[in-house]
Amino acid sequence: MERWFNVGKIVNTHGIRGEVRVISRTDFPEERYKKGNKLYIFRERDSEPIEVTVKSHRTHKSFDLLSFEGYDSINDVEPFKGAMLKVPESQLGELAEGEYYFHEIIGCTVVTEEGETIGTVREILTPGANDVWVVQRGDGTDALIPYIDEVVLRVDPAQKTIIIRPMEGLLE
């Protein structure tokens with residue numbers, strides 16, 4: 001059975017020419033939303049996803065704006081509001097060494113090189129130069145771990161563990 005991965009949520013329409021406004025949850029929006037790529041729209045009331053082909057992609061403020069082939073007006077895409085955009089596992093592709101999909105990192109236990117457990121990765125922020133992993137500690141507070149070589153020593157998605165070397169002030 002095929003596993004599906006969220007790439008974004010359609011939160012609204014944009015304009016009258018069939019564009020949708022998407023809050024992305026994908027690691028690689030520029031690749032995922034490339035013209036000609038297949039995406040699948042999952043609506044709560046449908047038993048099967050709707051396959052669509054990306055016609056255009058651009059960013060606007062903090063959103064990705066997409067249009068799909070054959071969906072040329074606001075009336076065509078209005079029913080997609082609130083739906084999830086997904087891709088099957090078979091479309092994920094291979095990553096370069098040191099690159100990971102979000103689903104491989106979220107849920108991993110973060111441990112210092114001395115063996116102290118920090119917590120579990122619950123979210124990934126992508127502010128710019130490097131990703132930041134939000135780690136929920138045992139006391140419920142969050143630690144922010146930058147994904148840089150000086151801090152992250154080893155990532156083992158199979159064992160769901162990440163070994164870090166905390167920089168001074170990182171875990172305060």
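Let me begin with a term: a residue is called buried when its relative accessible area is under 20%, exposed when that value is over 50%, and partly exposed in between. In this structure, which is a predicted model, Trp4 has a relative accessibility of 32% and so counts as partly exposed.

Now to the strands. Six of them close into a barrel in the order S1-S2-S5-S4-S3-S6, with antiparallel pairing, and neighbouring strands of this sheet are turned by 50° against each other on average, if direction is ignored. Strand S3, residues 38–42, is joined to strand S4, residues 50–60, by four bridges, and S3 also pairs with strand S6, residues 84–88, over three bridges. Tyr40, for its part, stands opposite Lys86 in S6.

Let me turn to the rings. The structure holds four aromatic pairs. One of them is formed by Trp4 and Phe42, whose ring centres are 5.0 Å apart and whose planes meet at 70°, so the pair is edge-to-face. Because Trp4 lies in strand S1 and Phe42 in strand S3, this pair ties together parts that are 38 residues apart in sequence. Phe42 is partly exposed, at 24%, and Lys86 lies over the face of its ring, 4.7 Å from the ring centre. Ring pairs link Trp4, Tyr40 and Phe42 into a cluster.

Methods. Residues numbered from 1 in each chain as written. Predicted model: local features only at pLDDT ≥ 70, side-chain atom pairs only at ≥ 80, totals over all residues. Heavy atoms only, no water. Pairing = 2+ DSSP bridges. Helix = DSSP H or I, 4+ residues; strand = E, 2+ residues; numbered from the N terminus. Axes fitted to C-alpha atoms, helices over the stretch in contact; angles between N-to-C directions. Phe/Tyr/Trp six-rings, centres within 6.5 Å; stacked < 30°, edge-to-face > 60°. Buried < 20%, exposed > 50% of the residue type's maximum accessible area, 1.4 Å probe, protein only. Lys NZ or Arg CZ within 6 Å of the ring centre and 35° of its normal.
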